[in-house]
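Try each task before reading its solution.

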Amino acid sequence: MQLFHSCCGKGFDGKKKEKTEPSWRVFSLKELHAATNSFNYDNKLGEGRFGSVYWGQLWDGSQIAVKRLKAWSNREEIDFAVEVEILARIRHKNLLSVRGYCAEGQERLLVYEYMPNLSLVSHLHGQHSAECLLDLTKRMKIAITCAQAIAYLHHHATPHIVHGDVRASNVLLDSELEARVTDFGYGKLMPDDAEDAAAKAKSINAYLSPECVASGKESETGDVYSFGILLLVLVSGKRPMERINPTTTRGITEWVLPLVYERKFGEIVDQRLSGEHVEEKLKKVVLVGLMCAQTEPEKRPTMSEVVEMLINESKEKITELEANPLFKNPNSSSENDRELQVPEENSDVIAEENDDHQQQQQE
Ligand SMILES: Nc1ncnc2c1ncn2[C@@H]1O[C@H](COP(=O)(O)OP(=O)(O)OP(=O)(O)O)[C@@H](O)[C@H]1O
């Protein structure tokens, strides 16, 4: 199908795009085979719910990541192309947009710019974690720029987009360790049979809000909840769900909240970072993370408000934030009991990032 072969440099409506903005285009299967050494196992970067990702290099030397989608072959080429084009038009400096796609025969592939520093997960818990490349400044910047990227999807993109899968493995890092949020808008692209698999995977996703788990539906407030968990993971270096004994797991909010009641912020902060200054700065991130991860969706801030809270440097703001009833110890007041849901004990799975497969690939 040649539908969009002539679209390079133009939007769907035919208007010229900014010259400086990298444009999307259609790739041929032959070109992607050549770039990835025929999807060689050695080129494989990892595997997610929707397929495997391969590193590749184009004829001009540029590096790409190619996501080879599984179970999409029944998706009509034209529907697929239209949906990809909508996603490809979403541009923000902290979003990793689709650079192009390939739809030939049974194959459906998405092409992205290659991110040499992989994902946030590999820096917090994976192959880069020992190097501790993410200092305080970088973590603060990642928190703010990710919030801005998601706020852009919610409030400024046309159409507005619910990310639906905000988590550390979907925050990729470029050569400067700057964040690029990826994997947004997949809900629209998915065929029905893949949706079931996705729903299953999501039911064990520790980033997912209680109402999204219950309804199976994505929402902006659900994204805010997931972003709250992401902030807590970023500050603490902990996983979103940890096994505390052979039969019990504990969600990150369940661990953080009692420490916040006692104002023991130093114990929450990743021990690889140290010092008073670090604790003070990251305190705000912890508080904002908990505000986002409240059980009741209507009590969560919007992503624009989250951005505002994160960039505001004033001490008064932090004091104001800290005075929120949410951070009062329920044992010292019967009112305003815990607003945050303490995740139920789960003896079946450690609902982590689904990143075990990823780490196996990378280590
Ligand atoms: N553009 C990219 N540059 C570098 N690595 C990438 C890129 N895109 C994906 N990866 C890596 O490929 C692996 C698989 O990514 P993928 O997005 O398919 O799954 P995931 O995000 O880990 O899981 P899920 O699909 O369930 O959200 C991950 O290790 C990810 O870090």
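The exercises below cover confidence and then two residues.

This is a predicted model, in which local features need pLDDT of at least 70, side-chain atom pairs count only at pLDDT 80 or more, and totals for chains, interfaces and linings use all residues. Residues are numbered from 1 along each chain as its sequence is written, and side-chain values use heavy atoms, with hydrogens and water left out.

**Exercise 1.** Find out what pLDDT the chain averages.

*Solution.* Start with the term: pLDDT is the predictor's confidence in each residue, from 0 to 100. The chain average is 82, and 79% of the residues score at least 70. Next, look at residues 1–20, where the pLDDT is below 50. Residues 343–363 also have pLDDT below 50.

**Exercise 2.** Decide whether Lys67 is buried or exposed, and list what it touches.

*Solution.* Then check accessibility: Lys67 is buried because its relative accessibility is 9% (buried means under 20% relative accessible area, exposed over 50%, partly exposed in between, with a 1.4 Å probe and protein chains only). Finally, not counting residues up to four places away in sequence, Lys67 touches Ser52, Val53, Arg108, Leu109, Leu110, Tyr112, Asp183 and Tyr186 (contact means heavy atoms within 4.5 Å).

**Exercise 3.** Work out which helix holds Val306.

*Solution.* Val306 belongs to helix α12, residues 303–311 (helices are DSSP runs of H or I, at least four residues). With 0% relative accessibility, Val306 counts as buried.

Definitions and conventions. Helix = DSSP H or I, 4+ residues; strand = E, 2+ residues; numbered from the N terminus.
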